[in-house]
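Open the model in a viewer and keep the sequence panel beside it. The stops below say what to select next and what is there.

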Amino acid sequence: MANETNRFQAIISHCKEYGFIFPSSEIYDGLQAVYDYGQWGSELKKNIKDYWWNSMTRMYENIVGIDAAIFMHPTTWKASGHVDNFNDPMIDNKDSKKRYRVDHLIEGYAEMLNAEGRKQEAEQILAGMDSLLAKDDFTGLKKLIEENKIKCPISGTSNWTDIRQFNLMFSTEFGSTVSADDEDNKVYLRPETAQGIFVNFLNVQKSGRMKIPFGIAQIGKAFRNEIVARQFIFRMREFEQMEMQFFIRPGTQKDWYEYWKEERLKWHLALGIPKENYRFHDHIKLAHYADAACDIEFNFPIGFKELEGIHSRTDFDLKNHQEYSKKKMQYYDAEVDPATGKPYGNYIPYVIETSIGLDRMFLAVVSHAYTEEDLSTPEKKDDRVVLKFPPKLAPMKLAVLPLIKKDGLPEIARQIMDDCKSHFRCFYEEKDTIGKRYRRMDAIGTPFCVTVDHQTKEDNTVTIRYRDTMKQDRVPVTEIRKIVLDSL
Ligand code: ATP
(Lines give C-alpha, C1' and ligand atoms only; values in the text may rest on other atoms or scores of the structure.)
Protein backbone atom coordinates (compact mmCIF):
# COMPACT_ATOMS: atom_id res chain seq x y z
CA MET A 1 0.00 0.00 0.00
CA ALA A 2 1.30 3.42 -0.94
CA ASN A 3 0.41 5.14 2.28
CA GLU A 4 -1.67 4.94 5.44
CA THR A 5 -4.62 6.88 3.97
CA ASN A 6 -4.90 4.33 1.19
CA ARG A 7 -4.58 1.55 3.72
CA PHE A 8 -7.41 3.04 5.78
CA GLN A 9 -9.60 3.32 2.68
CA ALA A 10 -8.73 -0.27 1.74
CA ILE A 11 -9.78 -1.47 5.21
CA ILE A 12 -13.09 0.42 4.99
CA SER A 13 -13.83 -1.11 1.56
CA HIS A 14 -12.84 -4.56 2.75
CA CYS A 15 -15.16 -4.28 5.76
CA LYS A 16 -18.04 -3.50 3.46
CA GLU A 17 -17.25 -6.04 0.75
CA TYR A 18 -16.90 -8.92 3.21
CA GLY A 19 -19.87 -8.24 5.47
CA PHE A 20 -18.18 -6.60 8.45
CA ILE A 21 -19.53 -3.03 8.40
CA PHE A 22 -22.10 -1.22 6.25
CA PRO A 23 -23.09 2.45 6.31
CA SER A 24 -26.36 2.70 8.22
CA SER A 25 -29.52 2.81 6.06
CA GLU A 26 -27.32 2.81 3.01
CA ILE A 27 -30.22 2.56 0.53
CA TYR A 28 -31.06 6.13 1.64
CA ASP A 29 -27.41 7.18 1.21
CA GLY A 30 -26.53 6.45 4.83
CA LEU A 31 -26.59 8.50 8.00
CA GLN A 32 -23.41 10.35 8.87
CA ALA A 33 -21.23 8.61 11.44
CA VAL A 34 -23.69 5.78 12.02
CA TYR A 35 -22.82 2.25 10.93
CA ASP A 36 -24.32 -1.23 10.91
CA TYR A 37 -22.36 -4.37 11.63
CA GLY A 38 -22.87 -7.14 9.11
CA GLN A 39 -22.79 -10.90 9.46
CA TRP A 40 -19.07 -11.25 10.21
CA GLY A 41 -18.71 -7.86 11.85
CA SER A 42 -21.31 -8.68 14.46
CA GLU A 43 -19.54 -11.98 15.23
CA LEU A 44 -16.21 -10.22 15.64
CA LYS A 45 -17.81 -7.53 17.77
CA LYS A 46 -19.45 -10.12 19.99
CA ASN A 47 -16.15 -11.94 20.42
CA ILE A 48 -14.44 -8.71 21.50
CA LYS A 49 -17.28 -8.07 23.96
CA ASP A 50 -16.98 -11.58 25.37
CA TYR A 51 -13.23 -11.23 25.69
CA TRP A 52 -13.69 -8.03 27.72
CA TRP A 53 -16.70 -9.21 29.73
CA ASN A 54 -15.17 -12.56 30.62
CA SER A 55 -11.88 -11.11 31.67
CA MET A 56 -13.55 -8.40 33.75
CA THR A 57 -16.16 -10.53 35.48
CA ARG A 58 -14.32 -13.87 35.70
CA MET A 59 -10.65 -13.06 36.08
CA TYR A 60 -11.39 -10.47 38.77
CA GLU A 61 -13.52 -12.08 41.45
CA ASN A 62 -14.52 -8.71 42.88
CA ILE A 63 -16.08 -7.36 39.67
CA VAL A 64 -19.69 -7.97 38.66
CA GLY A 65 -21.56 -6.87 35.56
CA ILE A 66 -24.85 -5.03 35.05
CA ASP A 67 -26.99 -3.97 32.12
CA ALA A 68 -28.64 -0.62 32.84
CA ALA A 69 -31.19 1.18 30.65
CA ILE A 70 -30.13 3.75 28.07
CA PHE A 71 -32.77 6.22 29.29
CA MET A 72 -32.11 7.60 32.73
CA HIS A 73 -33.82 10.15 34.92
CA PRO A 74 -32.89 13.59 33.51
CA THR A 75 -31.46 14.71 36.86
CA THR A 76 -28.75 12.08 36.41
CA TRP A 77 -27.13 14.28 33.78
CA LYS A 78 -27.37 17.40 35.91
CA ALA A 79 -25.68 15.58 38.78
CA SER A 80 -23.01 14.08 36.55
CA GLY A 81 -22.14 17.49 35.16
CA HIS A 82 -22.97 16.57 31.58
CA VAL A 83 -25.70 19.20 31.16
CA ASP A 84 -23.28 21.98 32.11
CA ASN A 85 -19.91 20.58 31.12
CA PHE A 86 -20.20 18.03 28.34
CA ASN A 87 -19.13 20.56 25.78
CA ASP A 88 -16.45 20.73 23.20
CA PRO A 89 -14.93 24.01 22.01
CA MET A 90 -15.80 24.42 18.34
CA ILE A 91 -14.81 26.80 15.62
CA ASP A 92 -16.49 27.39 12.25
CA ASN A 93 -14.85 28.25 8.98
CA LYS A 94 -16.88 31.13 7.52
CA ASP A 95 -16.17 30.14 3.92
CA SER A 96 -16.82 26.40 3.95
CA LYS A 97 -19.39 26.68 6.81
CA LYS A 98 -17.71 23.59 8.29
CA ARG A 99 -17.47 23.23 12.05
CA TYR A 100 -14.41 21.77 13.75
CA ARG A 101 -13.53 20.67 17.22
CA VAL A 102 -10.70 23.01 18.11
CA ASP A 103 -8.41 20.27 19.44
CA HIS A 104 -8.96 18.16 16.31
CA LEU A 105 -8.17 21.07 14.04
CA ILE A 106 -4.93 21.85 15.84
CA GLU A 107 -3.96 18.17 16.13
CA GLY A 108 -4.53 17.74 12.39
CA TYR A 109 -2.18 20.64 11.75
CA ALA A 110 0.42 19.17 14.10
CA GLU A 111 0.18 15.82 12.29
CA MET A 112 0.88 17.59 9.03
CA LEU A 113 3.96 19.24 10.55
CA ASN A 114 5.10 15.84 11.81
CA ALA A 115 4.69 14.36 8.36
CA GLU A 116 6.90 17.17 7.03
CA GLY A 117 9.56 16.30 9.60
CA ARG A 118 8.88 19.45 11.68
CA LYS A 119 8.52 17.42 14.85
CA GLN A 120 9.67 20.06 17.31
CA GLU A 121 7.21 22.67 16.02
CA ALA A 122 4.40 20.10 16.19
CA GLU A 123 5.21 19.27 19.79
CA GLN A 124 5.37 22.95 20.71
CA ILE A 125 1.94 23.63 19.20
CA LEU A 126 0.38 20.63 20.94
CA ALA A 127 1.87 21.64 24.29
CA GLY A 128 0.54 25.18 23.76
CA MET A 129 -2.89 23.82 22.90
CA ASP A 130 -2.98 21.57 25.97
CA SER A 131 -2.20 24.40 28.33
CA LEU A 132 -4.75 26.76 26.70
CA LEU A 133 -7.44 24.04 26.78
CA ALA A 134 -6.67 23.40 30.43
CA LYS A 135 -7.44 27.08 31.14
CA ASP A 136 -10.47 27.21 28.77
CA ASP A 137 -8.63 30.10 27.15
CA PHE A 138 -10.62 30.39 23.91
CA THR A 139 -9.08 33.72 22.92
CA GLY A 140 -5.64 32.15 23.27
CA LEU A 141 -6.70 29.12 21.24
CA LYS A 142 -8.04 31.26 18.45
CA LYS A 143 -4.79 33.23 18.46
CA LEU A 144 -2.85 29.97 18.20
CA ILE A 145 -4.93 28.96 15.16
CA GLU A 146 -4.47 32.36 13.53
CA GLU A 147 -0.76 32.70 14.28
CA ASN A 148 -0.08 29.31 12.72
CA LYS A 149 -2.32 30.16 9.78
CA ILE A 150 -4.19 26.90 10.24
CA LYS A 151 -6.50 26.44 7.30
CA CYS A 152 -9.85 24.74 6.81
CA PRO A 153 -9.17 21.53 4.85
CA ILE A 154 -12.31 22.19 2.75
CA SER A 155 -12.10 25.90 1.86
CA GLY A 156 -8.36 26.26 2.31
CA THR A 157 -8.91 29.61 4.11
CA SER A 158 -8.22 30.84 7.65
CA ASN A 159 -11.47 32.79 7.91
CA TRP A 160 -12.55 31.57 11.36
CA THR A 161 -15.39 32.47 13.73
CA ASP A 162 -14.80 32.81 17.46
CA ILE A 163 -14.59 29.63 19.48
CA ARG A 164 -17.82 28.47 21.14
CA GLN A 165 -18.91 25.56 23.31
CA PHE A 166 -21.39 22.91 22.06
CA ASN A 167 -23.10 20.30 24.17
CA LEU A 168 -22.75 16.79 22.78
CA MET A 169 -25.82 15.13 24.31
CA PHE A 170 -28.79 14.00 22.21
CA SER A 171 -32.15 14.73 23.79
CA THR A 172 -35.63 13.49 23.08
CA GLU A 173 -39.20 13.55 24.40
CA PHE A 174 -40.39 11.03 26.91
CA GLY A 175 -43.99 9.81 26.87
CA SER A 176 -46.79 11.75 25.18
CA THR A 177 -47.31 14.67 27.53
CA VAL A 178 -43.83 16.13 27.50
CA SER A 179 -42.77 18.56 24.84
CA ALA A 180 -39.21 18.67 23.56
CA ASP A 181 -38.91 22.29 24.67
CA ASP A 182 -39.65 21.40 28.26
CA GLU A 183 -36.16 21.68 29.72
CA ASP A 184 -37.12 20.04 33.01
CA ASN A 185 -38.45 16.88 31.42
CA LYS A 186 -35.99 16.49 28.63
CA VAL A 187 -34.53 12.99 28.52
CA TYR A 188 -31.13 12.31 27.09
CA LEU A 189 -29.64 9.39 25.28
CA ARG A 190 -26.81 8.50 27.62
CA PRO A 191 -23.45 9.88 26.46
CA GLU A 192 -21.59 7.32 28.60
CA THR A 193 -22.59 4.07 30.29
CA ALA A 194 -20.85 4.99 33.55
CA GLN A 195 -23.82 6.80 35.12
CA GLY A 196 -25.94 3.62 34.94
CA ILE A 197 -23.31 2.08 37.19
CA PHE A 198 -23.15 4.98 39.65
CA VAL A 199 -26.90 5.17 40.19
CA ASN A 200 -26.91 1.41 40.86
CA PHE A 201 -23.88 1.47 43.13
CA LEU A 202 -25.84 0.82 46.32
CA ASN A 203 -28.24 -1.69 44.71
CA VAL A 204 -25.32 -3.83 43.59
CA GLN A 205 -23.27 -3.32 46.73
CA LYS A 206 -26.13 -4.31 49.02
CA SER A 207 -27.74 -7.10 46.95
CA GLY A 208 -24.34 -8.57 46.07
CA ARG A 209 -22.83 -8.01 49.55
CA MET A 210 -19.84 -6.45 47.79
CA LYS A 211 -16.88 -5.28 49.86
CA ILE A 212 -14.61 -2.45 48.85
CA PRO A 213 -12.55 -2.65 46.67
CA PHE A 214 -15.00 -3.92 44.06
CA GLY A 215 -15.97 -3.12 40.52
CA ILE A 216 -19.10 -2.94 38.37
CA ALA A 217 -18.74 -3.55 34.65
CA GLN A 218 -21.11 -2.74 31.84
CA ILE A 219 -21.26 -2.93 28.06
CA GLY A 220 -23.78 -0.76 26.27
CA LYS A 221 -24.65 1.86 23.73
CA ALA A 222 -23.74 5.50 24.20
CA PHE A 223 -24.68 8.48 22.04
CA ARG A 224 -22.80 11.69 21.35
CA ASN A 225 -23.70 14.37 18.87
CA GLU A 226 -20.12 14.55 17.65
CA ILE A 227 -19.68 17.66 15.57
CA VAL A 228 -16.87 16.31 13.50
CA ALA A 229 -17.89 12.72 12.99
CA ARG A 230 -15.73 11.12 10.38
CA GLN A 231 -12.95 8.57 10.33
CA PHE A 232 -15.27 5.60 9.92
CA ILE A 233 -16.11 3.81 13.19
CA PHE A 234 -13.42 5.70 15.10
CA ARG A 235 -15.85 8.50 15.91
CA MET A 236 -19.51 7.66 15.71
CA ARG A 237 -22.70 9.28 16.96
CA GLU A 238 -24.03 5.95 18.23
CA PHE A 239 -21.38 3.65 19.63
CA GLU A 240 -20.75 1.08 22.32
CA GLN A 241 -18.66 1.37 25.44
CA MET A 242 -17.22 -1.26 27.75
CA GLU A 243 -16.80 0.47 31.08
CA MET A 244 -15.81 -0.62 34.54
CA GLN A 245 -16.06 1.50 37.67
CA PHE A 246 -13.85 0.31 40.50
CA PHE A 247 -14.93 1.53 43.95
CA ILE A 248 -12.12 2.13 46.43
CA ARG A 249 -11.28 3.69 49.76
CA PRO A 250 -10.50 7.45 49.50
CA GLY A 251 -6.77 8.07 49.57
CA THR A 252 -5.91 4.84 47.72
CA GLN A 253 -6.71 6.20 44.25
CA LYS A 254 -3.12 6.75 43.11
CA ASP A 255 -2.19 3.10 43.64
CA TRP A 256 -5.38 1.76 42.05
CA TYR A 257 -5.00 4.11 39.11
CA GLU A 258 -1.53 2.71 38.43
CA TYR A 259 -2.84 -0.83 38.96
CA TRP A 260 -5.59 -0.43 36.37
CA LYS A 261 -3.27 1.22 33.85
CA GLU A 262 -1.09 -1.86 34.02
CA GLU A 263 -3.96 -4.38 34.01
CA ARG A 264 -5.63 -2.81 31.03
CA LEU A 265 -2.45 -2.73 28.98
CA LYS A 266 -1.91 -6.41 29.80
CA TRP A 267 -5.41 -7.17 28.52
CA HIS A 268 -4.57 -5.57 25.19
CA LEU A 269 -1.18 -7.25 24.91
CA ALA A 270 -2.67 -10.68 25.69
CA LEU A 271 -4.26 -10.54 22.24
CA GLY A 272 -0.80 -10.81 20.74
CA ILE A 273 -0.79 -7.36 19.12
CA PRO A 274 2.80 -6.07 19.53
CA LYS A 275 3.48 -3.58 22.29
CA GLU A 276 4.81 -0.86 19.97
CA ASN A 277 1.23 -0.32 18.76
CA TYR A 278 0.18 1.00 22.17
CA ARG A 279 1.22 3.98 24.21
CA PHE A 280 -0.04 5.92 27.21
CA HIS A 281 -0.99 9.56 26.90
CA ASP A 282 -1.44 11.46 30.16
CA HIS A 283 -4.11 14.15 30.17
CA ILE A 284 -3.11 17.66 31.08
CA LYS A 285 -6.64 19.07 30.77
CA LEU A 286 -8.70 16.89 33.08
CA ALA A 287 -12.40 16.23 32.61
CA HIS A 288 -14.68 17.87 35.15
CA TYR A 289 -14.77 14.71 37.29
CA ALA A 290 -11.14 13.52 37.28
CA ASP A 291 -8.03 13.98 39.44
CA ALA A 292 -5.84 11.94 37.06
CA ALA A 293 -6.50 10.54 33.61
CA CYS A 294 -4.71 8.93 30.72
CA ASP A 295 -5.50 7.28 27.43
CA ILE A 296 -4.23 4.05 26.03
CA GLU A 297 -3.56 5.10 22.47
CA PHE A 298 -3.40 2.68 19.58
CA ASN A 299 -1.53 3.03 16.34
CA PHE A 300 -4.56 3.20 14.01
CA PRO A 301 -4.04 3.72 10.26
CA ILE A 302 -4.93 7.37 11.06
CA GLY A 303 -2.09 7.55 13.60
CA PHE A 304 -1.85 7.07 17.36
CA LYS A 305 -5.29 7.87 18.82
CA GLU A 306 -7.28 7.18 21.98
CA LEU A 307 -8.58 3.64 22.28
CA GLU A 308 -9.31 3.51 26.01
CA GLY A 309 -9.46 5.98 28.87
CA ILE A 310 -8.41 5.33 32.45
CA HIS A 311 -9.73 7.93 34.82
CA SER A 312 -9.44 8.57 38.52
CA ARG A 313 -12.96 9.97 39.01
CA THR A 314 -12.63 10.73 42.74
CA ASP A 315 -15.99 10.70 44.57
CA PHE A 316 -17.36 13.28 42.13
CA ASP A 317 -20.21 11.21 40.70
CA LEU A 318 -21.44 9.48 43.86
CA LYS A 319 -21.20 12.69 45.86
CA ASN A 320 -23.25 14.60 43.31
CA HIS A 321 -25.84 11.84 43.03
CA GLN A 322 -26.13 11.93 46.81
CA GLU A 323 -26.65 15.68 46.71
CA TYR A 324 -29.20 15.67 43.85
CA SER A 325 -31.12 12.54 44.89
CA LYS A 326 -30.93 13.20 48.65
CA LYS A 327 -30.12 9.47 49.02
CA LYS A 328 -27.02 8.43 50.92
CA MET A 329 -24.34 6.97 48.66
CA GLN A 330 -22.16 5.85 51.53
CA TYR A 331 -20.43 2.62 52.25
CA TYR A 332 -19.62 1.30 55.72
CA ASP A 333 -16.08 -0.05 55.80
CA ALA A 334 -15.68 -2.40 58.76
CA GLU A 335 -11.98 -2.95 58.19
CA VAL A 336 -9.76 -1.55 60.92
CA ASP A 337 -7.54 1.39 60.02
CA PRO A 338 -4.09 0.52 61.46
CA ALA A 339 -3.42 4.23 62.05
CA THR A 340 -6.38 4.73 64.40
CA GLY A 341 -7.17 1.17 65.50
CA LYS A 342 -10.80 1.89 64.55
CA PRO A 343 -12.88 0.82 61.52
CA TYR A 344 -12.63 3.09 58.50
CA GLY A 345 -16.38 3.62 58.93
CA ASN A 346 -18.72 5.47 56.55
CA TYR A 347 -17.49 7.17 53.42
CA ILE A 348 -18.37 7.87 49.80
CA PRO A 349 -16.04 5.63 47.78
CA TYR A 350 -13.57 6.94 45.24
CA VAL A 351 -13.65 5.49 41.75
CA ILE A 352 -11.18 4.41 39.11
CA GLU A 353 -12.78 3.99 35.72
CA THR A 354 -11.61 2.02 32.72
CA SER A 355 -13.54 2.93 29.59
CA ILE A 356 -12.95 1.45 26.18
CA GLY A 357 -14.93 1.97 22.99
CA LEU A 358 -16.02 -1.36 21.56
CA ASP A 359 -16.11 0.04 18.03
CA ARG A 360 -12.65 1.54 18.40
CA MET A 361 -11.39 -1.80 19.67
CA PHE A 362 -13.00 -3.39 16.61
CA LEU A 363 -11.16 -0.91 14.39
CA ALA A 364 -7.88 -1.58 16.22
CA VAL A 365 -8.27 -5.35 15.79
CA VAL A 366 -9.27 -5.13 12.12
CA SER A 367 -6.62 -2.62 11.17
CA HIS A 368 -3.90 -4.67 12.81
CA ALA A 369 -5.19 -7.88 11.22
CA TYR A 370 -5.55 -6.46 7.71
CA THR A 371 -2.65 -7.69 5.59
CA GLU A 372 -2.04 -7.52 1.87
CA GLU A 373 0.37 -10.18 0.68
CA ASP A 374 2.14 -10.48 -2.63
CA LEU A 375 2.30 -14.18 -3.47
CA SER A 376 3.65 -13.79 -6.98
CA THR A 377 6.06 -16.36 -8.37
CA PRO A 378 8.19 -15.89 -11.48
CA GLU A 379 5.51 -17.82 -13.36
CA LYS A 380 2.40 -16.18 -12.00
CA LYS A 381 1.26 -12.93 -10.43
CA ASP A 382 -0.78 -13.49 -7.29
CA ASP A 383 -1.76 -11.74 -4.08
CA ARG A 384 -4.20 -12.06 -1.24
CA VAL A 385 -5.86 -10.02 1.49
CA VAL A 386 -5.91 -11.84 4.79
CA LEU A 387 -7.28 -10.76 8.16
CA LYS A 388 -4.89 -12.21 10.71
CA PHE A 389 -7.25 -12.10 13.69
CA PRO A 390 -6.25 -13.75 16.96
CA PRO A 391 -8.21 -17.06 16.66
CA LYS A 392 -10.35 -16.30 19.71
CA LEU A 393 -11.66 -13.13 18.07
CA ALA A 394 -12.06 -14.51 14.54
CA PRO A 395 -15.73 -14.44 13.44
CA MET A 396 -15.39 -17.93 12.02
CA LYS A 397 -13.00 -20.47 13.50
CA LEU A 398 -13.18 -23.32 11.01
CA ALA A 399 -14.24 -23.79 7.39
CA VAL A 400 -15.19 -27.30 6.31
CA LEU A 401 -14.78 -27.77 2.58
CA PRO A 402 -15.54 -30.93 0.61
CA LEU A 403 -13.19 -30.99 -2.40
CA ILE A 404 -16.08 -31.84 -4.74
CA LYS A 405 -19.83 -32.05 -4.37
CA LYS A 406 -20.12 -35.81 -4.85
CA ASP A 407 -18.62 -39.21 -4.02
CA GLY A 408 -19.84 -38.97 -0.41
CA LEU A 409 -17.45 -36.10 0.44
CA PRO A 410 -20.19 -33.61 1.45
CA GLU A 411 -21.60 -36.23 3.83
CA ILE A 412 -18.26 -36.62 5.62
CA ALA A 413 -17.88 -32.82 5.73
CA ARG A 414 -21.34 -32.53 7.26
CA GLN A 415 -20.33 -35.00 9.97
CA ILE A 416 -17.31 -32.83 10.81
CA MET A 417 -19.64 -29.81 10.99
CA ASP A 418 -21.92 -31.68 13.37
CA ASP A 419 -18.99 -32.63 15.55
CA CYS A 420 -17.68 -29.04 15.78
CA LYS A 421 -20.50 -26.55 15.39
CA SER A 422 -21.74 -26.65 18.96
CA HIS A 423 -18.18 -25.86 20.17
CA PHE A 424 -17.24 -22.95 17.91
CA ARG A 425 -18.44 -21.11 14.82
CA CYS A 426 -17.97 -23.20 11.66
CA PHE A 427 -18.63 -22.51 8.02
CA TYR A 428 -19.55 -25.06 5.36
CA GLU A 429 -18.95 -24.39 1.68
CA GLU A 430 -18.85 -26.62 -1.37
CA LYS A 431 -18.98 -24.08 -4.22
CA ASP A 432 -15.99 -22.96 -6.36
CA THR A 433 -12.44 -24.22 -6.52
CA ILE A 434 -10.71 -24.96 -3.27
CA GLY A 435 -8.25 -22.10 -3.92
CA LYS A 436 -11.06 -19.56 -4.23
CA ARG A 437 -12.71 -20.90 -1.09
CA TYR A 438 -9.43 -20.55 0.85
CA ARG A 439 -9.09 -16.94 -0.26
CA ARG A 440 -12.62 -16.10 0.82
CA MET A 441 -11.86 -17.56 4.24
CA ASP A 442 -8.60 -15.54 4.38
CA ALA A 443 -10.60 -12.41 3.65
CA ILE A 444 -12.83 -12.93 6.68
CA GLY A 445 -9.98 -14.17 8.85
CA THR A 446 -10.90 -17.84 9.38
CA PRO A 447 -7.82 -19.39 11.02
CA PHE A 448 -8.42 -23.01 9.91
CA CYS A 449 -9.81 -24.66 6.78
CA VAL A 450 -10.17 -28.41 6.43
CA THR A 451 -10.65 -30.06 3.06
CA VAL A 452 -12.35 -33.42 2.75
CA ASP A 453 -11.05 -35.36 -0.26
CA HIS A 454 -11.02 -38.91 -1.56
CA GLN A 455 -8.19 -39.90 0.74
CA THR A 456 -10.47 -39.01 3.68
CA LYS A 457 -12.66 -41.96 2.70
CA GLU A 458 -9.67 -44.26 2.88
CA ASP A 459 -7.81 -43.17 6.00
CA ASN A 460 -10.16 -40.74 7.77
CA THR A 461 -7.73 -37.80 7.47
CA VAL A 462 -8.25 -34.30 6.06
CA THR A 463 -6.00 -31.52 4.84
CA ILE A 464 -5.88 -28.69 7.37
CA ARG A 465 -4.74 -25.34 6.05
CA TYR A 466 -3.45 -22.63 8.36
CA ARG A 467 -4.52 -19.11 7.45
CA ASP A 468 -1.37 -17.15 8.28
CA THR A 469 1.30 -19.49 6.88
CA MET A 470 -0.94 -21.15 4.26
CA LYS A 471 0.84 -24.35 5.32
CA GLN A 472 -1.11 -27.56 4.88
CA ASP A 473 -0.97 -30.72 7.01
CA ARG A 474 -2.74 -34.01 6.98
CA VAL A 475 -4.55 -34.67 10.26
CA PRO A 476 -7.05 -37.29 11.48
CA VAL A 477 -10.68 -36.14 11.38
CA THR A 478 -10.92 -37.00 15.07
CA GLU A 479 -8.34 -34.32 15.92
CA ILE A 480 -9.89 -31.32 14.13
CA ARG A 481 -12.00 -30.20 17.06
CA LYS A 482 -9.09 -30.33 19.47
CA ILE A 483 -6.75 -28.41 17.15
CA VAL A 484 -9.23 -25.57 16.88
CA LEU A 485 -10.15 -25.55 20.58
CA ASP A 486 -6.46 -25.51 21.57
CA SER A 487 -5.96 -22.35 19.49
CA LEU A 488 -8.78 -20.58 21.33
P1 ATP B 1 -12.28 11.52 22.21
O2 ATP B 1 -11.29 12.45 22.86
O3 ATP B 1 -11.68 10.65 21.14
O4 ATP B 1 -13.55 12.19 21.79
P5 ATP B 1 -13.22 10.93 24.82
O6 ATP B 1 -12.01 11.25 25.65
O7 ATP B 1 -14.34 11.89 24.75
O8 ATP B 1 -12.76 10.49 23.33
P9 ATP B 1 -14.26 9.09 26.73
O10 ATP B 1 -15.35 9.98 27.16
O11 ATP B 1 -13.09 8.88 27.63
O12 ATP B 1 -13.77 9.50 25.27
O13 ATP B 1 -14.90 7.69 26.33
C14 ATP B 1 -14.28 6.45 26.57
C15 ATP B 1 -14.06 5.69 25.30
O16 ATP B 1 -15.24 5.64 24.50
C17 ATP B 1 -13.01 6.29 24.38
O18 ATP B 1 -11.72 5.89 24.76
C19 ATP B 1 -13.40 5.73 23.04
O20 ATP B 1 -12.83 4.44 22.85
C21 ATP B 1 -14.89 5.60 23.13
N22 ATP B 1 -15.55 6.70 22.42
C23 ATP B 1 -15.79 7.95 22.87
N24 ATP B 1 -16.44 8.68 21.95
C25 ATP B 1 -16.62 7.86 20.88
C26 ATP B 1 -17.24 8.02 19.60
N27 ATP B 1 -17.82 9.16 19.26
N28 ATP B 1 -17.25 6.96 18.75
C29 ATP B 1 -16.68 5.79 19.10
N30 ATP B 1 -16.09 5.58 20.29
C31 ATP B 1 -16.05 6.59 21.17
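Select the loop between strand 1 (21-23) and strand 2 (35-37), where Asp29 lies. This is a predicted model. Check the backbone angles of Asp29: phi is positive, about 75 degrees, although the residue is not a glycine. Most residues other than glycine have a negative phi, and most peptide bonds are trans.

The next stop concerns a peptide bond. Go to the loop that runs between helix 9 (201-207) and strand 9 (214-223), and pick out Pro213 there. The bond leading from Ile212 to Pro213 is cis, and its omega is near 5 degrees.

Now select the ligand and the residues around it. The shell holds 16 residues, of which Glu226, Arg235, Met236, Glu306 and Leu307 come nearest to the ligand. By type, the shell divides into seven charged, five polar and four nonpolar residues.

Show distances from the oxygen atoms of the ligand. Which distance separates a ligand oxygen from a polar backbone atom of Leu307? The value is 2.8 Å. Turn to the side chain of Arg224, where an N or O atom is 2.9 Å from an oxygen atom of the ligand. For the side chain of Gln241, the distance from an N or O atom to a ligand oxygen is 3.3 Å. Switch to a surface view next: the ligand taken alone exposes 590 Å², and the protein buries 88% of that.

Strand 10 (238-248), strand 13 (303-314) and strand 16 (350-357) are the elements that give two or more residues to the shell. Which of the strands gives the most to the shell around the ligand? It is strand 13, with five residues.

Zoom out and colour by domain. The domain assignment gives domain 1 as 2-86 + 168-366 and domain 2 as 396-487. Between the C-alpha centres of domain 1 and domain 2 the distance is 39 Å. Six residues from domain 1 and six residues from domain 2 take part in the contact.

The size of an interface is often given as the accessible area lost when the parts come together. Here domain 1 and domain 2 bury about 550 Å² between them, with 64% of that on carbon and sulfur atoms.

How values were computed
Residues numbered from 1 in each chain as written. Predicted model: local features only at pLDDT ≥ 70, side-chain atom pairs only at ≥ 80, totals over all residues. Heavy atoms only, no water. Near = heavy atom within 4 Å. Polar contact = N/O pair within 3.5 Å; in protein donor to acceptor, adjacent residues only side chain to side chain. Areas by Shrake-Rupley, 256 points an atom, 1.4 Å probe, with all protein chains shown as cover. Helix = DSSP H or I, 4+ residues; strand = E, 2+ residues; numbered from the N terminus. Nonpolar A, V, L, I, M, F, W, Y, C, P; charged D, E, K, R; others polar. Domains from an automatic or database assignment. Contact = heavy atoms within 4.5 Å. Buried area = accessible area lost by both parts, 1.4 Å probe.
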